[in-house]
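Please read the following account with the coordinates open, moving from one local feature to the next.

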Amino acid sequence: MRKIIQGGTIITAGDTIKADVLIEDGIITAIGNLAGDIRKDDEVIDATGLLVMPGGVDPHTHLEMPFGGTVSSDDFFTGHRAAAFGGTTTHIDFALQAKGESLVDGINTWKSRAEDKAAIDYGFHIAVTDPTDETIAEIPSIAEEGVTSLKVFLAYKNVFQVDDTAFLRILEKAGGAGMLTMVHAENGDAIAMATDRLLAEGKTEMKYHNVAHTAIIEAEATSRAVDFVEITGSPLYVVHVASGQGLQAIRRGRRKGLPVMAETCSQYLTLTDKDIETGGFEGAKYICSPPPKTSWDQSIVLECLGDGTIQTLATDHCPFWFDGTKDGRTPGKELGKDSWAKVPNGVPGIEDRYVVLWHLGVNSGLITPERFVALTSANAAKIFGMYPKKGTISVGADADIVIFDPEKKHTISADTHHMNVDYNVYEGMEVTGWPVRVLSRGRTLVDNGEWKGEAGYGEFVPRTGGAVL
Ligand SMILES: [Zn+2]
């Protein structure tokens, strides 16, 4: 059946226009004044007074990811359902290469996890954890799997961390094959040294997580990564930048004209180091790496969202129960009740990103609505090779659409959210602006708070190429 979204205001990364949208077979086929074209069988969705924006694209998530002796608590169904409630209709998750296995094995493992559960569309990056000669030689061929981005970790020593030689070789190989390298930029050796020292001194309270993950530990690795871009000439995307000094390194690189891009995450817009440092074990809720930093760092993150230093807002959604001992739950943050070093790292957020940025960014006047679309949708689609299928409202694009009421108020809470986790890092935050209807390829997934989607509907999006923004 044809659908017409009538009377709304369309916002894309490029402009804002008042126009109707025609959807046929999941694709946008016309934009304009379509009042005269309505047929009697058409479903007409009245969007008068509402905004019509591209569905969110979250480029950084970890659904059902094995980590720290447990697994993240949202799977590819619960995570997708929550994402859709919050206006996100596509995400890119991280498949991990297991030691001794190939990259394609890792991609296939994650594809099989997602296939039957997916309710929104998805893609994968592959994290390189075993950078042998064979692995590096394999890099160009994974493009055939629809995966055109790789991630390396400069942190998590003896687990995921790669050394500088491996990082340089991966950057060079990926860049030469037209692929994008992503980096978790914290100095894992410095973290390991600080951790050993703190634990030897009996410093196990939550606040010491921040002492082992200071801003300079992030900034050093970020700065080194930027220099590696200059050495290799290959493009780089720095994930989850949280520190002001890290962003200064990115700015330095971009001013030199280097192909370096940056992502931040919604939790860094609201949390600071104090959230981990106060309240005893409650602080474990906010432990992630890199952890949120000072309010000064936060002010630089916000500034960089506005001035173009940062291209994308992600979530790094990696939820763990605060109390994972209850029936049916996987072990959670309580694994670290005796020491911050054993707390599974990660925070939930896949549902909240879109509305949190609208509220903090657009309502405050920090960014325009068009910039909001760029940060939450269009730029990730462009960088990761999904544009214009995803990330925009234009003829020929998938009809992934959020009908958004800019006046509607909502108080974020774990009592009402849809993520499979027992706390919310934005608990009690009242936002103005809410997705009242969310469509994926023309199908309504959420209508006025009611779930209309289904497991198995979501499709893997094979990616090609990608842009340096
Ligand atoms: Zn992550």
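In this predicted model, Asn448 counts as exposed because it has 9 C-beta neighbours inside 10 Å, whereas a residue is called exposed at 12 or fewer. Asn448 sits in the loop between β20 and β21, and its phi is near 45°, a positive value in a residue other than glycine. Most residues other than glycine have a negative phi, and most peptide bonds are trans.

Two cis peptide bonds can be examined next. One joins Ser289 and Pro290, with omega about -5°, and Pro290 lies in the loop between α10 (273-277) and α11 (295-307). Another joins Tyr387 and Pro388, with omega about 5°, and Pro388 is placed in the loop between α13 (369-383) and β18 (401-411).

Helix α1 (residues 78-85) is largely enclosed by the rest of the structure, because eight of its eight residues are buried. The buried residues include Arg81 and His80 as well as Ala82, Ala83, Ala84 and Phe85. The elements against which the buried residues of α1 pack are β8 (56-61), β11 (88-96), β19 (430-440), β20 (443-447) and β21 (450-451). After α1 comes Gly87, with a positive phi near 95°.

Six of its six residues are buried, so β16 is largely enclosed by the rest of the structure. In a regular strand the side chains alternate between the two faces of the sheet. In β16, Val260, Ala262 and Thr264 point one way, while Met261, Glu263 and Cys265 point the other way, and all are buried. With strand β15 (residues 236-238), β16 pairs in the parallel sense over three bridges, and Tyr237 has Met261 of β16 as its bridge partner. β16 also pairs with strand β17 (residues 312-314), again in the parallel sense over three bridges, where Thr264 has Leu313 of β17 as its bridge partner. Together, β15, helix α8 (residues 244-255) and β16 make a right-handed β-α-β unit.

From here the path leads to the core. The largest nonpolar core has 144 residues, and Val52, Ile126 and Val238 are those with the most contacts inside it. Which residues does Val238 contact, leaving aside its neighbours within four places in sequence? Val238 is in contact with Val183, Ala185, Thr222, Ala225, Ile250, Val260, Ala262 and Glu263.

The remaining stop is an open sheet of four strands, ordered β5-β4-β1-β6 and mixed in its pairing. β5 (27-32) and β6 (43-46) stand at the edges with a single partner strand each, so one side of each is left without a neighbour in the sheet. From one strand to the next, the twist averages 20°. Within this sheet, strand β1 (residues 3-6) and strand β4 (residues 20-24) pair in the antiparallel sense over three bridges, and Ile4 stands opposite Leu22 in β4.

Methods:
Residues are numbered from 1 along each chain as its sequence is written. This is a predicted model: local features need pLDDT of at least 70, side-chain atom pairs count only at pLDDT 80 or more; totals for chains, interfaces and linings use all residues. A nonpolar core is a set of buried Ala, Val, Leu, Ile, Met, Phe, Trp, Tyr and Cys residues joined through C-beta atoms within 7 Å. A residue is buried if 20 or more other C-beta atoms lie within 10 Å of its own, exposed if 12 or fewer, and partly exposed in between; C-beta atoms are placed from the backbone. Two residues are in contact if their C-beta atoms, placed from the backbone, lie within 7 Å. Two strands pair if DSSP finds at least two bridges between them. Helices (H or I, at least four residues) and strands (E, at least two) are DSSP runs, numbered from the N terminus. Axes are lines fitted to C-alpha atoms, for helices over the stretch in contact, and angles run from 0 to 180 degrees between N-to-C directions. A crossover is right-handed if, with the strands pointing away from the viewer, the path from the first strand over the helix to the second runs clockwise.
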